[in-house]
Structure formats: structure tokens, C-alpha cells
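Subject: Structure handover

Dear colleague,

Please find the structure below. My notes on side-chain contacts follow.

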Amino acid sequence: MTAADETDDGREQAAVDNGLGRQPQRPDGGRESTQEDVAKRHRILRSLRKQLERHPAIISARGSPDGQYAALAADVDPAQFERNSDSASLRVTWQPNPHLPPATSLDDRRRTSLTSNFKIHYSESSGFDCGVHLEPNPHVDGHLHYQERASPTDEYDYDDVSLAATAPVGVLWETLELIADRLQHA
């Protein structure tokens with residue numbers, strides 16, 4: 001038994017067999033990410049950070065934690081999107097092998113062939129935020145959607161979106177175009 005097989009209180013975790021091999025089961029029924037999943041996520045996010053640095057609206061982009069990215073954060077020039085906010089940011093997450101909640105599956109996906117989950121989310125200092133997400137959400141059918149709200153106290157509005165891209169870099173650029181279009185018309 002290794003530390004990865006133990007719960008926080010030292011008890012042995014139950015393990016489950018799935019298509020990825022035998023994985024420790026978390027108390028919530030999910031499983032911990034394998035080292036392979038973590039390494040793949042890091043490679044994808046490192047690649048996306050380099051792409052973000054090429055976008056004219058991105059001032060700077062960084063991944064965290066160092067050497068094992070779980071998310072990207074970028075400082076954005078909102079004027080590039082014809083917005084009047086003082087500052088803006090972008091957050092990107094990518095799960096190459098997502099843990100889907102019970103009662104949902106990849107068969108529920110519509111409007112994309114992607115099997116990964118991701119969030120590409122833009123936020124302004126004015127409180128406005130929007131993003132394209134591919135993940136189970138009780139407010140949308142088919143996981144892939146655009147969400148937007150004018151302020152943190154407002155409810156999100158959700159719209160179906162479609163993506164033609166089938167790889168992370170293409171998804172990033174297509175999503176940034178979609179967000180730019182929505183920002184210019186918001």
C-alpha cells in the first residue's frame with residue numbers, strides 16, 4: 001500500500017477497476033487523477049499558455065502550480081475586445097480525462113466530439129464575466145455551452161454553442177473568437 005492508496009485519515013481507500021486500470025475511489029465516488037492524467041493536463045495547458053501569449057489581447061499568461069499546471073491565468077487588455085473595463089483576466093482549465101458525475105456520461109455530449117472537459121472564462125474588473133465551458137451543468141443540455149452574467153449578483157444566462165475544433169489549441173482559438181464576438185456585442 002502506498003500513500004496514494006490511503007485516505008487523509010490513514011485508512012485504506014477502496015479501489016475500482018475502470019478502463020484506465022485500478023484506481024483509488026474517493027469518498028464522493030470519484031477517483032483521484034492518475035499521474036499520467038496530471039502530466040497530460042500539464043502538457044496541454046503549457047501548450048495553451050504559449051498560444052495565449054500570441055493573442056493580441058493577452059498581456060501575460062502563466063500556469064500554476066509551477067511544473068504541474070492545473071490552470072492558466074492571463075491578464076487581458078479589455079480594449080482589444082472593445083470593452084471599457086479597467087482590467088480583465090482569463091482563466092483556462094482542461095481535464096483530458098474528466099470524472100463525470102453519476103447519471104451523466106460522454107454520451108450526453110452534443111455539438112462537439114471532444115471527450116475532455118474545459119473552461120475558458122473571461123472576467124472584467126467591472127464584474128462582467130463570460131466563458132465557454134465543456135462540462136456537465138444542470139442548466140444546459142449537452143455539456144458544451146456559453147455562459148454570461150453582467151455582475152456577480154446576477155444569474156448566468158446560458159446558450160448552446162458548437163465547436164468544430166477537435167484539439168486543445170484549435171478549441172482555444174475558436175473559443176477566443178467566440179468570446180471576442182460576444183464581448184463586442186454584449
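Is Asp129 buried or exposed? Asp129 is buried, at a relative accessible area of 5%; buried stands for under 20%, exposed for over 50% and partly exposed for what lies in between, with a 1.4 Å probe and protein chains only.

Before the rest, some conventions. The model is predicted, and local features need pLDDT of at least 70 while side-chain atom pairs count only at pLDDT 80 or more, although totals for chains, interfaces and linings use all residues. Residues are numbered from 1 along each chain as its sequence is written, and side-chain values use heavy atoms, leaving out hydrogens and water.

Salt bridges

The structure holds 8 salt bridges, each being a side-chain nitrogen of Lys or Arg within 4 Å of a carboxyl oxygen of Asp or Glu. One of them joins Asp129 to Arg149, with 2.8 Å from N to O. Asp129 belongs to strand S7 and Arg149 to strand S8, so this pair ties together parts 20 residues apart in sequence. Strands here are DSSP runs (E, at least two residues), numbered from the N terminus.

Lys119 and Glu135 form another salt bridge, their closest N and O atoms being 3.8 Å apart. Lys119 lies in strand S6 and Glu135 in the loop between strands S7 (129-134) and S8 (144-149), so parts 16 residues apart in sequence are tied together. Glu135 is buried at 18%, whereas Lys119 is partly exposed at 34%.

Asp160 and Arg111 also meet in a salt bridge, at 3.7 Å from N to O. Asp160 is in strand S9 (residues 157-160) and Arg111 in the loop between strands S5 (88-95) and S6 (117-124), so the pair ties together parts that are 49 residues apart in sequence. Asp160 counts as exposed at 52% relative accessibility, and Arg111 as partly exposed at 23%.

Aromatic rings

There are 3 aromatic pairs. The rule takes rings of Phe, Tyr and Trp (its six-membered ring) with centres within 6.5 Å, and calls planes under 30 degrees apart stacked, over 60 edge-to-face and the rest tilted. Trp94 and Phe118 are stacked, at 5.1 Å centre to centre and 10° between the planes. Trp94 is in strand S5 and Phe118 in strand S6, 24 residues apart, and both are buried. Tyr156 and Tyr158 form a tilted pair, at 6.1 Å and 50°.

Charges over rings

Arg83 lies over the face of Phe128, 4.4 Å from the ring centre; the criterion is NZ of Lys or CZ of Arg within 6 Å of the ring centre and within 35 degrees of the ring normal. Arg182 lies over the face of Tyr146, at 4.2 Å.

Regards

Key:
Helix = DSSP H or I, 4+ residues; strand = E, 2+ residues; numbered from the N terminus.
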